[in-house]
Amino acid sequence: MLDFELMKYCYGCSACVNACPRSAIQMVQTMDGSCIPKIDQAQCINCGKCDQVCIHQHTDRYHSILAGEGCYAAYELDKVERKESASGGMFFLLAKEVLRQDGYVCGCVWNEKMDAVHIVSNKTIDIERMRNSKYVQSDIGRCLAEIRELLKIGKPVMFCGTPCQCAACQAVTGNPENLLKVSLICEGTPTPGVWERYRDAKAKEYGEKISAVNFRSKDPVGWSLPYYVITTESGKKHRELSYKENPYVLGMLQGLTCRQSCYHCEFKGDNGCADIIIGDLWKAENYLLQKSDNQGLSALIVNTKKGKDWVEKVADAMYTKEYPIEKVCINNPPLVKPMNENDKREKFFEKLNSVPIEENLNENIAHTNQIKLQIVKVLISMRLYKPLWKVTQMLRNR
């Protein structure tokens with residue numbers, strides 16, 4: 001059962017865990033901090049259900065034509081709600097509508113230990129926790145089995161996760177009409193073991209437990225220059241420029257810290273199964289940045305008729321403009337191809353347990369030009385930093 005090279009090809013999606021009728025499979029952490037299934041042979045009855053739902057062994061089952069029902073630049077009209085989201089607020093709009101239809105939403109939250117886990121809920125307070133990015137692979141747990149039972153009794157359910165997690169949800173549930181699958185544009189997921197070491201190291205450095213993490217804070221500049229913010233139990237906030245300064249984020253973006261399956265992901269482009277794909281509309285035109293007040297812009301990619309029907313239910317609460325899918329793919333390559341594996345990845349993981357995590361990260365990432373970084377930070381602190389689109393606007397108005 002599951003007879004292939006798990007370390008390399010397993011996605012850690014937990015489909016097998018949720019399909020096993022004897023609870024004979026559990027996810028265990030490996031030397032690189034990723035999670036793979038371990039089968040208790042004493043409990044296994046050789047039913048083959050784990051192989052039947054394994055997404056790596058059945059990639060031919062997952063095909064949704066990319067933007068088959070349209071591609072849009074989009075954002076939630078409610079500026080307050082949009083600011084709380086990582087991008088333009090598409091997840092929150094759709095999730096609220098599913099709750100209004102007496103449904104449930106399955107998405108990723110931080111638990112009390114600050115681990116990323118999926119939960120199933122019909123409470124607004126929980127979908128608020130699901131907003132924003134968690135840059136680590138989440139633990140699906142038994143959520144897919146729970147979703148399967150809700151779907152059987154007729155409840156609408158929205159599942160939101162990475163493309164491989166959406167495939168796992170479809171494999172376990174059978175993809176009935178009352179299941180809405182929403183995929184994130186996924187660059188790749190750092191392993192839980194890397195995050196755990198980084199989280200614990202920062203808590204030790206700050207001298208208190210971490211109570212909140214935001215990888216994409218829009219304060220003080222906005223969506224185009226997000227901050228990484230750790231909040232500790234006393235309420236103190238520690239900030240770094242997310243994409244320019246934080247070593248954990250840079251390690252992810254540079255292909256250093258992800259699980260091995262991310263580097264040859266089979267669920268890109270038309271090979272995914274999501275009804276809707278959402279993510280950042282990177283390199284958006286100036287007029288769109290101005291229109292959204294730099295508080296979040298989403299690429300809203302609608303693949304199926306089911307997805308289109310749900311988007312139409314929330315159309316009055318969002319701004320949308322047709323946008324070429326070709327341009328989204330060019331400016332957001334992870335939509336159509338896997339990330340490249342960093343040639344220092346093996347070296348990094350060899351030292352995962354012997355070198356302090358931040359030192360290990362800093363030794364293996366390419367750093368932002370420090371002079372330019374300091375200039376940007378000084379301008380931000382003096383409230384003089386203006387994104388390029390604002391500079392252009394100011395010059396035009398002179």
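Reader: Where is Asn 303 placed?

Author: Asn 303 is in the loop between strand S12 (298-302) and H12. Helices (H or I, at least four residues) and strands (E, at least two) are DSSP runs, numbered from the N terminus. The model is predicted: local features need pLDDT of at least 70 and side-chain atom pairs count only at pLDDT 80 or more, while totals for chains, interfaces and linings use all residues. Residues are numbered from 1 along each chain as its sequence is written, and side-chain values use heavy atoms, with hydrogens and water left out.

Reader: Why is Asn 303 called buried?

Author: Buried means under 20% relative accessible area, exposed means over 50%, and partly exposed lies in between (1.4 Å probe, protein chains only). Asn 303 has a relative accessible area of 7%, and therefore counts as buried.

Reader: What makes the approach of the Asn 303 side chain to the backbone nitrogen of Ala 67 a polar contact?

Author: A polar contact is a pair of N or O atoms within 3.5 Å; within protein, one must be able to donate a hydrogen and the other to accept it, and residues adjacent in sequence count only if both atoms are side-chain atoms. A polar atom of the Asn 303 side chain lies 2.8 Å from the backbone nitrogen of Ala 67. A polar atom of that side chain also lies 3.1 Å from the backbone oxygen of Ala 274. Contact in general means heavy atoms within 4.5 Å. Leaving aside residues up to four places away in sequence, Asn 303 touches several residues, including Ser 64, Gly 68, Asp 275 and Ile 277.

Reader: Why does Thr 173 count as buried?

Author: Thr 173, in helix H8 (residues 163-173), has a relative accessibility of 14%, so it counts as buried. Its side chain reaches the backbone oxygen of Cys 169 at 2.7 Å. Not counting residues up to four places away in sequence, Thr 173 touches Leu 144, Ile 147, Arg 148, Leu 151 and Leu 179.

Reader: Why is H5 called roughly perpendicular to H12?

Author: The axes of H5 (residues 90-100) and H12 (residues 305-313) come within 9 Å and cross at roughly 90°. Angles under 35 degrees count as roughly parallel, over 145 as roughly antiparallel, 65 to 115 as roughly perpendicular and the rest as oblique. H5 is therefore roughly perpendicular to H12. Axes are lines fitted to C-alpha atoms, for helices over the stretch in contact, and angles run from 0 to 180 degrees between N-to-C directions. Leu 94, Glu 97 and Val 98 in H5 meet Trp 310, Val 311 and Lys 313 in H12.

Reader: What makes H9 oblique to H15?

Author: H9 (residues 192-206) and H15 (residues 357-364) pack at about 120°, with axes 9 Å apart. H9 is therefore oblique to H15. Among the residues in this contact are Val 194 and Tyr 198 of H9 and Leu 361 of H15.

Reader: What makes a set of residues a nonpolar core, and which residues have the most contacts inside the largest one?

Author: A nonpolar core is a set of buried Ala, Val, Leu, Ile, Met, Phe, Trp, Tyr and Cys residues joined through side-chain atoms within 4.5 Å. The largest such core has 30 residues, and those with the most contacts inside it are Trp 110, Trp 195, Val 213, Phe 215, Tyr 228, Tyr 248 and Phe 348. H9 and H15 are among the elements that each supply at least two residues of this core. Tyr 248 touches, among others, Val 194, Tyr 198 and Leu 361, not counting residues up to four places away in sequence.
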